[in-house]
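Visitor: Please put the structure up. I would like to ask how its labels were assigned.

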Amino acid sequence: MTSALINLAAEQKSADVTDWAARIGWVVGLLLFVALVYWLMREGWKWRATLQGDLPELPTAPAEPGTPSLTMTGRYHGSTTAGQWLDRVVAHGLGTRSRVELTLTDQGLDVVRPGAQDFFIPTDRLRGARLDKGIAGKVLAEGGLLVITWEHGGKQLDSGFRSDRAAEHAAWVEAIASMQAPAQAQHNENQTEGAR
């Protein structure tokens, strides 16, 4: 019996020793690859901002913005070229996702973003609002996103917002639609006078 145990012990081999140099090499290679991908994404973001450099500075809120008709807190998900939900606009911080506080007054829409650049959309630049499901890398349930279309620097932009209480979105669409008609009439009148 002891000879059988000795033979069994002699037949068993120890496990191969781990090749630590190869493992460390693979880990370092993987980390370098991830760093390269991150760097390329960052450079792409900077290049897009350079291409959109013709977009003027964002307007700021007037000293007396007026009485708020609607307010909302939630998330800002980004801006795109109007009608092209994947063409993200990154110039002037418009591509930065952040928390947001929206205030709608008779003078326009005040967009306050803690940790990112605030901006103001005057009433005559509002072009409409709708409920949608996605914008530039963010897809939600149908109607889960409030998309406000506005004009800035001769370009129409869509900005996506999601309220902390999604039921508020419909009221915003209605309020902006009611403001848009008189503002559009004023805008058209100004253009007609300028043409004379």
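Visitor: Why is Arg130 called partly exposed?

Guide: Arg130 has 32% relative accessibility. Buried means under 20% relative accessible area, exposed over 50%, and partly exposed in between, with a 1.4 Å probe and protein chains only. The value for Arg130 falls in between, so Arg130 counts as partly exposed. This is a predicted model, where local features need pLDDT of at least 70, side-chain atom pairs count only at pLDDT 80 or more, and totals for chains, interfaces and linings use all residues. Residues are numbered from 1 along each chain as its sequence is written, and side-chain values use heavy atoms, with hydrogens and water left out.

Visitor: What makes the pair of Asp132 and Arg130 a salt bridge?

Guide: A salt bridge needs a side-chain nitrogen of Lys or Arg within 4 Å of a carboxyl oxygen of Asp or Glu. The closest N and O atoms of Asp132 and Arg130 are 3.2 Å apart, so the pair meets the rule. Asp132 is partly exposed, at 22% relative accessibility.

Visitor: How many salt bridges does this rule give?

Guide: The count is five. One of them joins Glu151 and Arg127, at 2.8 Å from N to O. Glu151 lies in strand 9 (residues 145-152) and Arg127 in strand 6 (residues 126-132), so this pair ties together parts 24 residues apart in sequence. Strands are DSSP runs of E with at least two residues, helices are runs of H or I with at least four, and both are numbered from the N terminus.

Visitor: Is Arg127 buried or exposed, and why?

Guide: Arg127 has a relative accessible area of 14%, which is under the limit for buried, so Arg127 is buried.

Visitor: What about Arg165 and Glu168?

Guide: Their side chains meet in a salt bridge of 2.9 Å, N to O. Arg165 is partly exposed at 48%, while Glu168 has 19% and is therefore buried. Elsewhere, salt bridges with shared partners join Arg130, Asp132 and Asp158 into one network.

Visitor: Why is Gly144 called buried?

Guide: Gly144 has a relative accessible area of 6%, so it falls in the buried class. Gly144 lies in the loop between strand 8 (138-139) and strand 9. Leaving out residues up to four places away in sequence, Gly144 touches Asp132, Arg162 and His169, where contact means heavy atoms within 4.5 Å. The C-alpha atoms of Gly144 and His169 are 8.2 Å apart, with the two residues 25 apart along the chain.
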